[in-house]
Amino acid sequence: MTKQQKITLSASRDIPFNKLLLSQSNVRHIKAGVSIEELAEDIARRTLLASLTVRPVLDETGTETGMFEIPAGGRRFRALELLVKQKRLNRTAPVPCIIRTDGLAEEDSLAENIQRAPLHPLDQFRAFQAMREKGKSEEEIAAAFFVSASIVKQRLKLAAVAPSLLDAYAEEDLTLDQLMAFTVNPDHERQEQVWEALQRHYSKQPYEIRRMLTEGAVRASDRRAQYVGLDAYVDAGGAILRDLFQTDDGGWLQDAGLLDLMVAEKLREDAETVQAEGWHWVEVDTDFPYGHTYGMRRMAGEVEPMTDEEAATYDALKTEFEKLEADHADADELPDEVDARLGEIETAMETLQDRPVRFEEDELAIAGAFVSIDSSGRLRVERGYVRPEDEPALPSEGQPDADTADADVDDTGIDPDAGAPHDEEDEDDGIKPLSDRLVTELTAHRTLALRDALAGDPHIAFVAALHVLTLKLFYRYGLNSCIEIDPRSGAFSAQAPGLADTPSAQAIEARSENWAKHLPKAPEDLWDVLIDFDSDSRQALFAHCVSLTLNAVHEAYNRRPAALAHAGVLATALNLDMVTVGWTPTADVYLARVTKAQILEAVREAKGDVAVDRIAGLKKPEMITAAEELLEGTGWLPEPLRTQGRETLANGAGADDFAAQDDIDAAEKSDAEDDVPIEPAEPVAAE
């Protein structure tokens with residue numbers, strides 16, 4: 001048996017730095033990895049951790065010159081060279097080197113770089129964790145490896161995931177993105193439950209992992225969390241789940257029960273403050289359904305004017321704003337400090353313009369307020385609503401007051417002025433009031449004349465219609481008009497989830513409040529105010545009033561096929577696009593409310609048969625999640641929401657058909673984002 005020859009390793013020795021030079025045989029020419037400056041700082045901190053590979057430089061006769069070239073380790077040499085230039089290392093400092101004489105220099109360089117195995121990310125995570133456990137702070141670790149503290153926090157978070165999941169990541173059964181998603185919830189048991197559930201789940205996307213891990217938690221962007229405040233919630237002992245790897249809008253509040261208790265307590269305190277203003281009643285809830293004020297009269301109150309000091313401040317801010325705009329009118333982009341100052345001025349001006357409203361004592365005695373939280377988490381107080389049962393009784397038209405009625409009736413209850421029959425009246429008794437019959441006949445003539453005249457004057461006819469619409473929709477009684485138009489603004493029998501927070505609902509509410517501020521308090525003053533409005537203001541108010549009477553709700557107990565058909569005509573005329581409005585087929589508003597067959601049909605229309613085949617075998621909860629993902633961004637709408645002429649999703653469309661359609665939808669969405677809702681113009685008196 002042949003004896004195996006033993007390997008002899010290359011010799012090593014310390015060589016003065018000034019005896020070293022770079023070799024042209026180094027195969028690394030492209031910069032990559034840690035910079036020379038960072039490597040120099042690392043060597044200064046820890047000294048040289050790996051020897052340089054060198055070869056003796058020979059003269060023409062093959063004799064060593066005492067110099068050594070470096071085919072492998074050029075970056076380390078440059079880092080040492082930088083330290084020498086910075087006078088932090090002596091030129092003659094000994095450098096540990098391995099001296100090679102056999103083979104090719106290029107082979108040495110290539111082998112050193114190729115044979116170097118890159119560190120698995122998990123090893124880095126665990127190394128950071130070990131350093132942290134040995135007392136190093138996150139900032140110290142970050143400084144030692146020239147990364148930010150946030151990077152270290154992320155790596156430590158990854159290292160803290162359940163060991164079984166880290167093993168799956170090491171075996172490449174779990175991607176890095178998926179591992180990042182698991183860091184949202186630190187509970188190892190819950191992480192393992194979700195990982196096991198994912199093995200049977202259609203979607204293993206990171207967002208689905210985050211959804212499952214935060215199930216039952218409350219988003220920090222939720223109105224309740226914003227209202228209470230995250231700091232107050234944490235101070236009360238609540239925990240917040242955070243995602244260090246993507247924007248999480250503040251994270252998820254884990255203790256929903258604690259949050260609800262804090263919301264109820266804070267709302268109670270705020271409601272007591274509102275009640276102290278003297279209101280007859282105050283209703284409190286986290287959120288009221290859309291149309292909760294239906295049937296109630298709203299008092300406008302008196303807006304308190306600015307004081308002289310506030311007016312002077314407002315004028316000064318306005319002047320400064322206009323000057324800054326004028327000074328930078330030609331600039332392509334505003335300087336940061338100017339842009340910030342303009343924002344501060346706008347906020348200050350809006351604060352001054354948002355005037356408190358004052359109500360009279362008799363108004364407070366019959367009206368109430370609703371206290372809730374708006375969609376952004378701020379306290380919402382809706383003041384001045386009068387319930388029908390609290391309205392003061394008003395005398396009917398033509399009915400005498402009670403004080404005068406008694407004076408006109410004798411003890412028998414008979415009106416002495418009723419007199420005897422007309423044939424017994426003395427013609428010489430003087431002027432008598434006209435009989436009711438005669439007045440009716442005369443006013444019939446006048447009514448016909450008025451109708452004819454009104455038909456010939458479209459301008460006054462428009463104002464008259466606007467007058468009665470406004471009376472009926474903004475005031476309790478419509479008795480101040482002879483126009484017998486009876487608008488109705490019915491409440492919705494069914495409340496869709498989040499209906500009150502939709503852009504459409506908020507825009508309508510904002511318009512109603514804006515008009516209420518500019519209409520007179522007394523209905524008898526309304527005509528003069530409308531006459532003084534300019535044409536644009538009258539048309540805007542007319543459109544708003546008419547819009548409040550529209551009812552296109554399909555109700556099983558109240559079938560109105562002709563009315564609903566007309567709603568379709570209006571939708572086409574208005575080019576209504578529910579996708580642009582913001583409706584999407586989520587689980588809450590659609591998918592969880594229909595059958596599996598209807599879900600599959602929706603996916604078939606939007607994505608084709610191939611997509612349907614992928615999810616057809618899933619259970620309904622998983623099918624809903626999958627369908628939500630597939631339908632996102634497609635612009636698909638259920639039949640009741642489609643506008644004739646706007647259907648872009650034909651039945652039976654294949655997946656290939658939607659490659660182009662997705663581009664169209666994206667373009668339409670981009671265009672829609674540029675369409676900013678226009679607030680009603682300030683009513684302006686006609687010149």
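## Loops, helix packing and a few residues

Colleague: What should I know about the model before we go on?
Modeller: It's a predicted model, so local features need pLDDT of at least 70 and side-chain atom pairs count only at pLDDT 80 or more, while totals for chains, interfaces and linings use all residues. Residues are numbered from 1 along each chain as its sequence is written, and side-chain values use heavy atoms, with hydrogens and water left out.

Colleague: Back to E172: is it buried or exposed?
Modeller: Buried means under 20% relative accessible area, exposed over 50%, and partly exposed in between (1.4 Å probe, protein chains only). E172 has a relative accessible area of 71%, so it counts as exposed.

Colleague: And what's the phi of E172?
Modeller: E172 is not a glycine, yet its phi is positive. The value is about 65°.

Colleague: T47 has a positive phi too, I see. Where is T47 placed?
Modeller: T47 is not a glycine either, and its phi is about 65°. With a relative accessible area of 52%, T47 is exposed. Its place is the loop between helix 1 (36-46) and strand 3 (52-58).

Colleague: How many helices and strands are there in the chain?
Modeller: The chain runs to 687 residues, 30% of which count as buried. It holds 28 helices and 14 strands.

Colleague: What share of the contacts with a separation of 6 or more comes from residues 24 or more positions apart?
Modeller: Contact here means heavy atoms within 4.5 Å. For residues 24 or more positions apart, the share of those contacts is 71%.

Colleague: Now the helix packing. How are helix 4 and helix 6 oriented to each other?
Modeller: Axes are lines fitted to C-alpha atoms, for helices over the stretch in contact, and angles run from 0 to 180 degrees between N-to-C directions. Helix 4 (residues 121-133) and helix 6 (residues 149-159) have axes 8 Å apart at an angle of about 100°. Angles under 35 degrees count as roughly parallel, over 145 as roughly antiparallel, 65 to 115 as roughly perpendicular and the rest as oblique. The two helices are therefore roughly perpendicular.

Colleague: How do the residues of that contact, helix 4 with helix 6, divide by class?
Modeller: Helix 4 brings Q124, F125, R126, F128, Q129 and R132, which meet V152, R155, L156, L158 and A159 of helix 6. Ala, Val, Leu, Ile, Met, Phe, Trp, Tyr, Cys and Pro count as nonpolar, Asp, Glu, Lys and Arg as charged, and the others, Gly among them, as polar. That gives six nonpolar, two polar and three charged.

Colleague: Which residues of helix 7 does helix 4 meet?
Modeller: Helix 4 and helix 7 (residues 163-170) pack at about 145°, with their axes 10 Å apart. On the helix 4 side are P121, L122, F125 and R126, and on the helix 7 side L166, D167, Y169 and A170.

Colleague: How are helix 9 and helix 10 oriented to each other?
Modeller: The axes of helix 9 (residues 188-198) and helix 10 (residues 206-213) come within 10 Å and cross at roughly 130°. The two helices are therefore oblique.

Colleague: Q191 is found in helix 9. Which backbone oxygen does the side chain of Q191 reach?
Modeller: Q191 is buried, at 1% relative accessible area. Past its neighbours within four places in sequence, its contacts include V161, A162, L165 and N185. At 2.6 Å, its side chain reaches the backbone oxygen of N185.

Colleague: Last one: with which side chain does the side chain of W636 make a polar contact?
Modeller: W636 is found in the loop between helix 27 (620-631) and helix 28 (657-673), and at a relative accessible area of 4% it is buried. A polar contact is a pair of N or O atoms within 3.5 Å; within protein, one must be able to donate a hydrogen and the other to accept it, and residues adjacent in sequence count only if both atoms are side-chain atoms. At 2.8 Å, the partner of W636 is E605.

Terms used:
Helix = DSSP H or I, 4+ residues; strand = E, 2+ residues; numbered from the N terminus.
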